[in-house]
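Subject: Structure handover

Hello,

Here is the structure I said I would pass on. My notes on what was found in it follow below.

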Amino acid sequence: MSPRKVLAAEKIGARIREARHELGLTIEDLSALAEIDAATLGKLERGAQSPSVETVVRVASALEVDAGALLQGITADDYGKREHRFTARDFLAERARRDR
């Protein structure tokens, strides 16, 4: 991840922190349950680091939430500037148009 914070990482981190607080867990508690380093968890909660898929699943499992709940609504736009905004549907439509 670049030195600047990424909106997606901030959103995911805030969701992790909120769920942890709702359960009354410390960072150390959750890091032990999820089997990840407490410093890493702190970075995730602050949005200073984007989690891997494995980390999302480990944290979600420890929090007893669906991993999708931590990622819900996150889009490619939340990761910063994009070179294009084409989707598979756009690509296929253009291909069909060219094949006519």
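A residue is called buried under 20% relative accessible area, exposed over 50%, and partly exposed in between. By that rule R58, at 30% relative accessibility, counts as partly exposed. Please keep in mind that this is a predicted model.

R58 belongs to one of the salt bridges. Its partner is E54, with the closest N and O atoms 2.9 Å apart. Both residues lie in helix α4, 4 residues apart, which is about one turn of the helix.

The structure holds 9 salt bridges. Another of them joins E45 and R20, whose closest N and O atoms are 2.6 Å apart. E45 lies in helix α3 and R20 in helix α1, so this pair ties together parts that are 25 residues apart in sequence. Are these two residues buried or exposed? E45 is buried, with a relative accessible area of 4%, and R20 is buried as well, at 7%.

Leaving aside residues up to four places away in sequence, R20 touches L25, T26, I27, L30, E45 and L63.

A further salt bridge pairs R82 with D77, at 3.1 Å from N to O. R82 is partly exposed at 29% relative accessibility, and D77 is partly exposed with a relative accessible area of 39%. Elsewhere, salt bridges that share partners join R17, R20 and E45 into one network.

Next, helix α3. This helix covers residues 38-46, and L41, G42, L44 and E45 are buried in it. Seen down the axis of α3, the buried residues fall within an arc of 160°, so they line one face of the helix. They pack against α1 (7-23), α2 (27-34) and α4 (53-63). At the N-terminal end, D37 caps α3, with a side-chain oxygen 3.0 Å from the backbone nitrogen of A39. After α3 comes G47, whose phi is positive, near 75°.

In soluble globular proteins, nonpolar side chains tend to be buried together. Here the largest nonpolar core has 15 residues, and those with the most contacts inside it are I16, L30, I36, V59, L63 and L70. Helices α1, α2, α3 and α4 each supply at least two residues of this core, and the largest share, 5 residues, comes from α4. Not counting residues up to four places away in sequence, V59 touches I16, L30, A34, I36 and L70.

Regards

Definitions and conventions
Residues are numbered from 1 along each chain as its sequence is written. This is a predicted model: local features need pLDDT of at least 70, side-chain atom pairs count only at pLDDT 80 or more; totals for chains, interfaces and linings use all residues. Side-chain values use heavy atoms; hydrogens and water are left out. Buried means under 20% relative accessible area, exposed over 50%, partly exposed in between (1.4 Å probe, protein chains only). The arc is that of the directions from the helix axis to the C-beta atoms. Contact means heavy atoms within 4.5 Å. A polar contact is a pair of N or O atoms within 3.5 Å; within protein, one must be able to donate a hydrogen and the other to accept it, and residues adjacent in sequence count only if both atoms are side-chain atoms. A nonpolar core is a set of buried Ala, Val, Leu, Ile, Met, Phe, Trp, Tyr and Cys residues joined through side-chain atoms within 4.5 Å. A salt bridge is a side-chain nitrogen of Lys or Arg within 4 Å of a carboxyl oxygen of Asp or Glu.
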